[in-house]
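Please open the model in a viewer and keep the selection panel at hand.

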Amino acid sequence: MRQSRQTPDMPTAIIPPEFDATLIARYDVAGPRYTSYPTAPHFTAGFDETVLRGVIRTSNEEPIPRPLSVYVHVPFCTSPCFYCGCNRIITRDASQADRYLQRLYREIELVAPLFDRDRSVIQLHFGGGTPNFLDTTQMGELLESLGQHFSFSHAADREYGIEIDPRFADAAYIHELGELGFNRISVGIQDFDPAVQKAVNRIQSFEQTREVLDAARSSGFRSASVDLIYGLPLQTVAGFSRTLDQVGALNPDRVAVYGYAHLPEMFKAQRQIAAADMPDPATRLALFGCAVTQLSAAGYVYVGMDHFAKASDELVQAQRAGTLQRNFQGYSTHGDCDIVGLGVSAIGRVGDSYSQNARDLIGYYAALDAGRLPVVRGLELDEDDLIRRALIGELMCHGLVDKRRFGARHRLLFDEYFVRGRQRLAPLIADGLVLEDARHIRVTSRGRLLLRIIAMCFDAYLDDAAQAARYSRVI
Amino acid sequence: MQSKHPAGRLPEPPSPIADDGDETHFCGTCAFSSACIAAGYEKPELAELQCLVEHVGPFSAGQHIFRTGDPFRAIFAVRSGTVKTRMVDKEGREQVLGFYLPGEVIGLNAIYPEHFPCDAVALDTAFFCRFSFPAMSALASRVPAVQKHLFRMLSKELGSASLLAGDHSADERVAAFLMDLAGRYAARGFSATRFHLSMSRGDIANYLRLAAETVSRVLSRFRSQGLIRIEGRELELLDPAGLRQIGQALLPD
């Protein structure tokens, strides 16, 4: 029954996922989300300004240089959400933003000219922190600076996206963002349950959220996305189910449902959360199951990982066409861009490299004040990295790998090159998460919710970690 | 990442290093082997003629093989990698004269002035056979086939400028450029439809007397017309006949 739905010409990824709590619990281990491969912990300090300049120069010299996607990080938040593990600075001091923007302008002036002028920016994304910490005057100046130094596309399908905290934005603000050219909005909700909101220090009404989303629609925004989190303190299936109903009423184009990772030793804000309030593993799973069921019933297609979208959304269209790609924002239809990361802690992806800016304001400001690019670490991908990145991308985006075609494309004999990965895949095949035959590797409906476990089989850096662990055990 | 997984890796076209020669055998891409063999000279006989060939390299991207004004003592056959030749004028402006692929010979244009009239710069990791020119001349005088081969290479070198001559559109130039490369790769036994463009778009543009943006725009158009597939610098000619038609005014029949 499960397998009869899978015909060869139908990518597995559009098959609805099967939620099996026992199976998911068995595989509930920490693992990378593969918004990059290799993952950020493998970036090294050897990647400095000189390397970055060289990498950009090489990217300009390609026969058809890639278009650009610009990410701007706004690190400030007015109030701390206790679940947050992001790089952000809590302040109510608006002048902080001005000091930050001065450095951001310097970074733009230094970075933009490194890219050839005919490489147009077709995607712009503001993330945080809270991008709407900036008022619309500051936002306008920032866009003007970007427009002056980069070549912005004027094509109708260019994307200007922004993450909005609805507690600090009203309809007028959103309308002005629309005037500035923003056309995609992403709104944090997490959970509308008042008890949960209190426990995570984020009181946000349904009405506030609706005002922002309605304003976006009437201001010409083409796409709206909302974020939910499961596994938060005091969260119950009944409460989360009500939240999902309310999300249905808001009718966003995309919904992301992230799992909360409680790591208070790593993230200071999370120490405000009482361990006793945390849902047990069974509840946690039931919450996610509830999201899968209700969103599917409401007409959302499971794209993969944390992401759901309307069947008409371009993410789903791209997945059906086999052109979906994975990047820092999760899934993207513009994965063929070079990504320019601007701002503190921002990550870029240019050519075959990743690079990250200083993660603290002190380091970020010091570099720019000295006229240097604020890059502090990164990685130049080698052949093996590129091959594995492509494979993990295929698994995450389309759930299907044509081994012969992949081999031809990357000049390798698939089964021989990935001997080790295929060995690690064996127990997953036995559990019915993956099918493998002579021609294909295929993620099944049972495997769809465990994509990262499947991808981990092909992560060469985990091979090393596993080896290191074995060594320490032996000694 | 240090730990490699070379098992299952296939060799990279089009430049598997032609290092298959030894004391008694020519390398697969040797620029002279066919002329010598046709004349009955295998490698041991050449050694007896003291026409020793020296393997040089690797040169890394950006490194000079020779510079303008260097005294001419040898010609170089590319064993692997790609080379551009260029002149730089007094204002520092570069003019790219040509690109050389494995099996092709650079330095022929220095035979008369006895000084290299241009720079030769490696575009990626490149290896060469260095042929001492006095020894080469001696060989040519004893082996008419080698002399004939040298003349053929010289006249080809002179003829290659035809890609740039005349008033032709950017589409014609780029299509002819791709088909010219394809033909040269094919002549050396490499794939004629799938190869790596080692030259930057700036070099291609400079060579074709076009703006860099124009080269990219034309390639994008060829891509959307289904004539080529291009990923980074990996190029596949999907419709060689179509490209030949576009570039035909600049291509030999």
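Helix axes are lines fitted to C-alpha atoms over the stretch in contact, and angles run from 0 to 180 degrees between N-to-C directions. This is a predicted model, in which local features need pLDDT of at least 70 and side-chain atom pairs count only at pLDDT 80 or more, while totals for chains, interfaces and linings use all residues. Residues are numbered from 1 along each chain as its sequence is written, and chains are lettered from A and ligands numbered from 1 in the order in which they are written.

**First stop: H5 and H8 of chain B**

Select helix H5 (residues 170–187) and helix H8 (residues 240–247) of chain B, whose axes lie 7 Å apart at an angle of about 130°. Helices (H or I, at least four residues) and strands (E, at least two) are DSSP runs, numbered from the N terminus. The angle makes H5(B) oblique to H8(B); angles under 35 degrees count as roughly parallel, over 145 as roughly antiparallel, 65 to 115 as roughly perpendicular and the rest as oblique.

Next, display the side chains of H5(B) that meet H8(B), among them Leu178(B) and Met179(B). On H8(B), the partners include Leu243(B) and Ile246(B). Contact here requires C-beta atoms, placed from the backbone, within 7 Å.

**Second stop: H6 and H7 of chain B**

Move to H6(B) and H7(B), which pack at about 100° with axes 8 Å apart. They are therefore roughly perpendicular to each other. From H6(B), select Arg201(B), Gly202(B), Ile204(B), Ala205(B) and Leu208(B); from H7(B), select Ala212(B), Thr214(B), Val215(B) and Ser216(B).

**Last stop: a sheet in chain A**

Finally, select the open sheet of three strands in chain A, ordered E18-E20-E19 with antiparallel pairing. Two strands pair if DSSP finds at least two bridges between them. Its edge strands, E18 (400–402) and E19 (434–436), each pair on one side only, and the twist averages 10° from one strand to the next. Three bridges join E19(A) to strand E20 (residues 440–443) of chain A. To locate one of them, select Val434(A) and its bridge partner in E20(A), Val443(A).

Key
Two residues are in contact if their C-beta atoms, placed from the backbone, lie within 7 Å.
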